[in-house]
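Notebook open, model loaded. I want to go from one whole chain down to a single residue, and then look at how the two chains meet.

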Amino acid sequence: MADVTFIVDGKKLTAPAGTLLIDACRKAGIEIPAFCYYPGLSLQAACRMCLVRQEKVPKLQTACTTTVAEGQIFYTSTPEIEQARKAMIELLLGNHPLDCPVCDAGGECELQDMTFKYGAGESRMVDVKRHRDEQQWSPAVFYDRPRCILCYRCIRMCGEGMDVWALGIHNRGANSVIVPNDGHQLDCEQCGMCIDVCPVGALTSGTYRYKTRPWEMSHVSTVCTHCGDGCKVTLGVRSTAEGAEIVRADNRDKSGINGDFLCAKGRFSFDFVASADRLTEPLVRNAQGKLEPATWEHAIRVAARKLKEIRDARGGSAIGVIGSNRTTNEENYLLQKFARTVLTTNNIDHARSTDYAAFARALAGTEGKTASLRDIAAASAILLVGGNPTEEHPLLAWLLRTNVRLNRAKLYVANSQPIKLDRQAKATQRLPVGSYKDLAAFLVQGESDFSKALAAEESLVVIFGEEFRGDAAENLVAWGLKRGPNPDSVRFAYLGDYANSRGAADMGLFPDLLPGYVPVTAPGAFAEYANLPATPGKSMPQMLEAAAKGELGALLVVGADTVSRSSLDSAALKNTFVVVQDLFLTETAAVADVVLPAASLYEKSGTVTNTYGDIQMVRKAADRAGVKPDFEILVRLAGAMGVDVATLVPFSKRGTTGDLGQSRGAQAGEADRHAVWLEANGLEPKLSPFDPLAVFDEIARLVPGYTVDRINLFAGNDVHTEPRATPGFVPVGAIQSPSLVVPAHDTLFTSGTLGCYSTTLRQLEEHQSKELAKAAAD
Amino acid sequence: MPRLVSHPDEVKIVSSRFGKGAANIDRYLELGGYEAVRKCLAQGPEWIIEEMKASGLRGRGGAGFSTGMKWSFVPKQSAKPKYILVNGDESEPGTCKDHLIFLHDPHSIIEGAIIAGLAVGAKMGFIYLRGEYRYLIEIMERAVADAYERGFLGKNIFGSGNEFQVITQTGAGAYEVGEESALMESLEGKRGVPRIRPPFPAVVGLYGGPTVINNAETMANVPHIIRMGAAAYAAVGTPRNGGTRLFGISGHVERPGVYELPMGYNLKKMIYEVGGGVRGGRKLKAVVPGGSSTPVLLPEEIENLGMDFDQVGKAGSMLGSGGVVVIDDRTCMVEFALRTISFYQHESCGWCIPCREGTDWLKKSLTRFHAGFGTASDIDNIQYLAENMLGRTFCPLGDAAAMPTLGFVKKFRQEFEDHLNGKPCPYAREGVPQLTVV
């Protein structure tokens with residue numbers, strides 16, 4: 001739309017014709033208060049806080065529904081408007097309980113803030129206020145009716161935003177209440193978005209309510225540990241005797257691609273961190289075969305000695321390493337470097353949930369062909385094949401819905417089963433079960449209306465699920481690449497399960513691939529790695545098979561429950577020395593010889609890469625006495641094995657030069673044991689070898705695709721990467737077999753091992769299955 | 001069946017068939033029914049709209065907007081179907097005119113709707129009846145069925161090749177749905193709350209199509225205007241206030257009832273001559289001129305007041321829906337205010353803050369005040385609340401509550417003060433139950 005010029009409070013403003021006055025004003029720095037207006041949701045004009053005076057119009061107008069046109073003249077802060085706002089607040093407070101001292105929202109309540117800025121200093125209300133008892137709608141959502149100001153944000157967010165439509169209004173007038181449409185309980189996705197958008201303390205969270213005052217928390221912006229979408233999340237943390245606990249998760253600052261969106265897992269399922277089952281001290285198997293608590297020094301010494309012994313006696317090939325889908329890029333990088341240069345083995349793998357190697361191979365030699373979440377959010381046309389984002393990738397589902405709703409993007413869904421996103425689809429194509437491998441052929445034929453419509457789209461983002469593996473994934477990408485060389489003609493996204501599944505693959509947790517999908521057999525690959533074995537190692541099943549045969553001397557498992565996931569007879573590991581780094585005493589940890597209690601993603605720093613290839617910073621929020629980040633554990637293990645840690649973590653003068661300001665150094669004259677230790681070891685005093693950022697330079701230098709815009713990354717923004725595999729790189733067949741990919745298929749209320757230790761998630765799942773049963777009975 | 005009243009001053013146009021069995025289609029035809037629509041079929045849409053404009057007919061629902069103008073706003077071309085909507089959700093206290101039309105002359109509404117359809121090019125009409133008028137729906141449905149049977153409705157009305165269908169619908173008991181956009185929401189099966197305007201119904205209305213929505217009385221006037229001619233109709237009223245109006249005279253009068261009088265008829269005469277004067281020869285204390293939402297007028301204000309939109313507006317009130325409520329000198333105006341606000345508190349849809357909270361607060365204050373627990377500051381507070389609701393609500397319901405309240409407080413402040421300091425209501429009478437604090 002063409003720009004128009006209009007005048008607000010004497011200031012000449014310009015905005016595209018049809019812009020809402022409230023938006024135009026806010027953009028120009030003119031504050032217009034509003035409760036019911038919420039960007040991206042339908043207009044209500046119900047709260048009447050945004051009333052402004054338009055010249056030549058008899059009544060005050062709502063800025064949230066007035067569109068600007070050439071030559072209009074507005075006033076937003078005359079005595080008349082100030083009085084209108086003041087009265088509106090007085091009216092709202094008429095029935096609103098002033099229980100601010102105990103209200104969850106106290107201190108971050110929009111009504112409080114508005115009263116402070118626009119309200120009356122005293123109340124005229126002397127009559128009895130309406131009261132209704134508080135209701136619990138689900139384990140996650142509570143509703144305190146008297147506090148509700150009926151701005152309808154929750155209803156719209158649930159309906160328009162989430163496409164769930166679980167909330168409505170009962171009664172009318174002053175008796176109006178928000179209610180679950182289903183009766184007294186919420187049958188929904190339990191995302192908690194209703195709580196998030198509530199401007200007051202009417203909707204409160206089961207995990208947060210009455211726990212703290214907002215100002216008692218520190219707010220740390222990090223990345224969710226659950227699915228592969230990588231939502232930014234702000235954790236509210238508070239100190240405890242044992243460190244720092246997480247009391248709340250939200251994303252009210254709307255930073256990151258997810259904006260204010262979080263799903264049930266991101267919002268409520270941080271409680272595994274504080275689980276009573278957390279390991280908080282190392283365990284070492286004693287002479288009687290029992291795991292007993294030990295000091296960190298002892299446990300590291302035992303593990304290091306044994307690993308060194310086996311390596312020296314039987315060679316690196318007698319040792320296996322299994323990595324994690326939730327540890328950071330730096331930890332994954334360090335783990336494979338540790339395996340390859342210290343343990344001298346290529347026997348390294350992880351629980352592959354998606355065939356990223358096939359994806360990298362398919363895209364080898366291309367550039368600008370992967371879709372970031374931002375690309376998806378702005379795409380004009382999207383083909384979604386396989387997967388069920390609503391359950392497995394809630395943020396993706398949110399972005400697709402929003403893009404369709406607000407930008408009229410065209411969504412094409414091809415799936416073997418109906419999925420909820422069909423409702424937003426312009427066209428759907430039902431595929432026979434198991435026919436994904438033939439999809440590319442089907443699309444090429446182009447005879448159906450579906451493929452014709454796709455062919456007519458000028459630019460297309462193709463998102464596909466883990467159903468595509470090996471050739472199927474490669475064929476689909478090949479089909480897409482034929483659309484044209486223009487970066488807009490096609491972009492791809494591949495859906496994987498966990499917070500850093502992509503990072504695990506990118507960082508080379510493969511027996512045949514180094515970081516960046518560089519084959520270990522490639523001549524001159526990672527030449528600076530000392531002792532790098534040139535032949536591919538064993539895949540996870542091969543390692544376990546070797547262990548069963550007594551051929552695997554040691555197994556180091558970092559953040560994975562291999563025994564449970566592989567349905568392994570734990571006796572198979574009886575002849576293997578097993579070291580496990582984990583949060584919990586998993587089935588694998590239970591059979592280990594040394595168990596090292598690890599920090600969760602919320603208790604460490606680093607970076608993670610979501611399944612779309614967006615790298616984001618992880619910042620330490622919580623703290624738990626007794627646990628250590630996997631990064632530090634690996635460095636300590638290496639150190640105890642007699643390795644010069646500077647070769648592993650190049651934090652010395654040759655490597656990282658960043659001063660993270662953590663120490664002024666011993667030269668200042670004060671007692672700084674850590675700095676003295678660094679100095680004594682000839683290390684850079686400004687950066688600790690335990691700081692994951694110490695390997696960041698090396699990753700950027702050695703891993704194709706990871707030379708990223710560091711300023712943006714450190715500022716907390718997402719930075720896109722794509723696999724830069726060498727064209728024609730040949731994987732080792734058995735090692736890269738699609739059958740090794742076993743998706744986790746988590747739902748909205750499960751999250752692998754972590755999910756099992758989240759009380760809230762279990763409660764939510766129980767609640768939802770009850771609601772489902774109820775719906776079925778109806 | 002309600003008792004029909006009459007007075008020599010009446011000019012019977014809309015009510016001309018009342019009491020004559022016109023609900024029967026044959027009788028309606030005998031009385032000149034469906035002649036107007038035949039004339040319109042011959043003359044064409046532009047002519048109809050010009051006639052409507054010339055007649056000076058203004059919306060009988062209360063806002064008084066020119067009907068001809070309203071029809072002319074409907075775009076000629078529209079991708080979506082156009083609709084005619086008859087608003088029979090008559091719910092304003094003191095208003096009881098539309099139900100007589102539904103009862104005695106249902107075909108006039110159908111005929112008016114057909115003419116409106118011809119004028120704007122709509123093929124579908126809805127007649128929306130107040131939920132509480134359930135006993136009228138059968139009459140209305142019978143009339144619609146008869147009209148279909150005669151070929152007056154359907155795919156080819158009067159053999160003209162034009163299509164017009166009519167569907168009847170009843171409300172679910174919400175005053176708010178009398179507001180045109182809320183009525184459309186209700187008709188679409190949604191919660192009866194008003195819509196954001198613009199867009200106006202003439203452009204985006206029912207089911208997103210251009211919609212003409214008129215009050216039932218307005219619609220019933222249409223065939224008469226066509227039959228008698230716009231000029232003759234206009235001549236009955238005052239300038240810019242064409243024709244007659246059904247005035248529902250109620251309250252403390254000797255002969256309450258619905259009378260059809262020319263626009264601009266003197267209010268004092270209406271009370272004392274048409275209505276037979278204040279009941280029992282008592283003194284007139286006040287009169288509500290146009291339904292409960294209009295500010296009350298004092299006896300001295302009605303001396304030379306002609307009942308048309310412009311004159312009543314000038315007198316500081318509104319002609320509204322033509323519900324004249326006569327109040328005698330034994331009436332407690334605080335109680336009257338309380339009863340009025342109780343209605344609006346009960347009927348507020350709750351959508352916007354000032355109406356939802358304002359009516360509730362006013363009711364609480366007035367209830368307590370009338371029971372003798374008021375304080376001097378309450379009077380100012382009541383006025384403050386009403387002033388701050390006025391003009392700031394989403395739809396006119398908030399104004400409908402605020403305007404009369406302001407009238408009561410400003411014009412009868414002394415009566416409010418008489419309730420102060422724990423004094424019993426000065427108007428309390430033996431045997432008449434008093435409102436108490438709930």
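**Entry 1, chain B as a whole.** Before anything else, a reminder to myself that this is a predicted model. I started by counting secondary structure: chain B has 17 helices and ten strands. Next I checked how compact the chain is. The radius of gyration of chain B comes out at 22 Å, close to the 22 Å that the globule rule gives for 438 residues, so chain B is as compact as a globular protein of that length. I also noted the extent of the C-alpha trace of chain B, which is about 75 × 45 × 35 Å along its principal axes.

**Entry 2, the inside of chain B.** How much of chain B counts as buried? I get 57% of the 438 residues. Then I looked at contacts in chain B between residues at least 6 apart in sequence, and 71% of these join residues at least 24 apart.

I picked Pro223(B), which sits in helix H9 (residues 216-228) of chain B. Buried or exposed? Pro223(B) has 28 C-beta neighbours inside 10 Å, and the cut-off for buried is 20 or more, so Pro223(B) counts as buried. Leaving out residues up to four places away in sequence, I listed what Pro223(B) touches: Ala36(B), Val37(B), Ser108(B), Glu111(B), Gly112(B) and Ile115(B). I also took one distance, from Pro223(B) to Ile109(B): they are 114 residues apart in sequence, yet 8.6 Å apart in space, C-alpha to C-alpha.

I counted 25 residues of chain A in contact with 25 residues of chain B. Which element of chain A gives the most to this side? That is helix H2 (residues 79-95) of chain A, with seven residues. By type, the residues on the side of chain A that touches chain B are 15 nonpolar, five polar and five charged.

I followed H2(A) over to helix H14 (residues 353-373) of chain B. The two pack at an angle of about 55°, and their axes are 9 Å apart. An angle of that kind makes H2(A) and H14(B) oblique to each other. H2(A) passes H14(B) in a left-handed crossing. On the H2(A) side, I wrote down Met88(A), Leu91(A), Leu92(A), Gly94(A) and Asn95(A) as making the contact. From H14(B) come Ile353(B), Pro354(B), Glu357(B), Gly358(B), Asp360(B) and Trp361(B). Sorted by type, the residues of this helix contact are six nonpolar, three polar and two charged.

Definitions and conventions:
Residues numbered from 1 in each chain as written. Chains lettered and ligands numbered in written order. Predicted model: local features only at pLDDT ≥ 70, side-chain atom pairs only at ≥ 80, totals over all residues. Contact = placed C-beta atoms within 7 Å. Helix = DSSP H or I, 4+ residues; strand = E, 2+ residues; numbered from the N terminus. Nonpolar A, V, L, I, M, F, W, Y, C, P; charged D, E, K, R; others polar. Rg over C-alpha atoms; globule rule 2.2 N^0.38 Å. Buried ≥ 20, exposed ≤ 12 C-beta atoms within 10 Å, placed from the backbone. Axes fitted to C-alpha atoms, helices over the stretch in contact; angles between N-to-C directions. Parallel < 35°, antiparallel > 145°, perpendicular 65-115°, else oblique. Left-handed = near helix turned anticlockwise from the far one by under 90°.
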